[in-house]
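Hi there,

Here is the structure I said I would pass along. Please open it next to this email, and then read on for what turned up in it.

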Amino acid sequence: MEGIGGDSASVASPLPQWGHDAWRIYQYYLDKTTPHTAYRWIGTLVVAAIYCLRVYYVQGFYIVSYGLGIYLLNLLIGFLSPLVDPELEVTDGPLLPTKGSDEFKPFIRRLPEFKFWYSMTKAFCIAFVMTFFSVFDVPVFWPILLCYWIVLFVLTMRRQIAHMIKYKYIPFSFGKQVSFKNILVRKLPQVAMAPVWIEAWLVHRVSK
């Protein structure tokens with residue numbers, strides 16, 4: 001009996017192992033795309049264009065597009081928002097970059113760029129697959145949905161911009177910025193020690 005049970009377990013085990021190996025390969029190639037930001041977003045634009053052409057061709061699935069638009073708006077808000085909202089949590093130190101600080105503090109997003117891209121691409125792929133099932137093609141008057149989404153987008157972005165202005169932060173940072181004061185503090189000791197190094201080098205050359 002034990003032999004029979006062992007044989008059945010060995011026969012059933014390859015399927016989960018195959019799924020695990022496939023997921024590891026998928027994760028490996030997904031991790032390799034991390035530094036190629038421009039190519040990733042170009043691919044996402046291609047997927048979005050294919051989805052738009054599919055919706056235009058079938059002239060339907062507007063409720064799916066509306067749900068996709070709401071989800072993308074939610075992702076955008078997370079991408080533009082700081083990791084810690086100053087309205088909700090009070091901490092000792094500054095959390096957001098300000099002009100008055102000596103050291104530039106990089107903006108830390110609530111939703112990182114890679115997760116933002118991955119979630120958006122996955123959402124377009126899922127919505128594209130849904131367009132092949134007629135159960136999701138709910139008849140609606142699409143201009144009303146479009147107007148409602150535009151109003152929702154404008155109100156949401158207006159609130160987000162007001163939050164940026166209130167707490168004086170910009171959700172984009174380009175490199176590391178250091179103030180001129182800190183540059184002098186760091187470089188001045190090296191400049192002061194330069195004559196000593198030159199003199200030691202000359203003495204070493206003369207002694208030879």
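Let me start at the surface, where Val129, Phe132, Phe133, Val135 and Phe136 form a nonpolar patch with about 500 Å² of accessible area together. Patches here are made of residues with over 30% relative accessible area and no salt bridge, with like charges joined within 9 Å and nonpolar side chains (Val, Leu, Ile, Met, Phe, Trp, Tyr) within 5 Å. A salt bridge is a side-chain nitrogen of Lys or Arg within 4 Å of a carboxyl oxygen of Asp or Glu. Accessible areas come from the Shrake-Rupley method with a 1.4 Å probe, and for residues only the protein chains shown count as cover. (Buried means under 20% relative accessible area, exposed over 50%, and partly exposed in between, with a 1.4 Å probe and protein chains only.)

Two notes on reading all this: the model is predicted, so local features need pLDDT of at least 70 and side-chain atom pairs count only at pLDDT 80 or more, while totals for chains, interfaces and linings use all residues. Residues are numbered from 1 along each chain as its sequence is written, and side-chain values use heavy atoms, with hydrogens and water left out.

Now the overall picture. The chain has seven helices and zero strands; helices (H or I, at least four residues) and strands (E, at least two) are DSSP runs, numbered from the N terminus. Of its 208 residues, 23% count as buried. The accessible surface comes to about 15,700 Å², and 71% of that belongs to carbon and sulfur atoms. Among contacts (heavy atoms within 4.5 Å) between residues at least 6 apart in sequence, 86% join residues at least 24 apart.

The structure holds twelve aromatic pairs. Rings of Phe, Tyr and Trp (its six-membered ring) pair if their centres lie within 6.5 Å; planes under 30 degrees apart count as stacked, over 60 as edge-to-face and the rest as tilted. One of the pairs is Trp41 with Phe116, which is tilted, at 5.5 Å centre to centre and 50° between the planes. Trp41 lies in helix α3 (residues 37-58) and Phe116 in helix α5 (residues 113-130), so this pair ties together parts that are 75 residues apart in sequence. Trp41 is partly exposed at 22% relative accessibility, whereas Phe116 is buried at 7%. Ring pairs also link Trp41, Phe79 and Phe116 into a cluster.

Two arginines meet rings as well. The charged end of Arg109 sits over the ring of Phe79, 4.0 Å from its centre, and that of Arg54 sits over the ring of Phe132, 4.1 Å from its centre. The criterion is NZ of Lys or CZ of Arg within 6 Å of the ring centre and within 35 degrees of the ring normal.

Finally, the loop between α3 and α4 holds Gln59 and Phe61. Gln59 has a positive phi of about 55° although it is not a glycine, and Phe61 has one of about 60°, again without being a glycine. Is each of them buried or exposed? Gln59 is partly exposed, with a relative accessible area of 47%, while Phe61 counts as buried at 5%.

Enjoy exploring!

Best wishes
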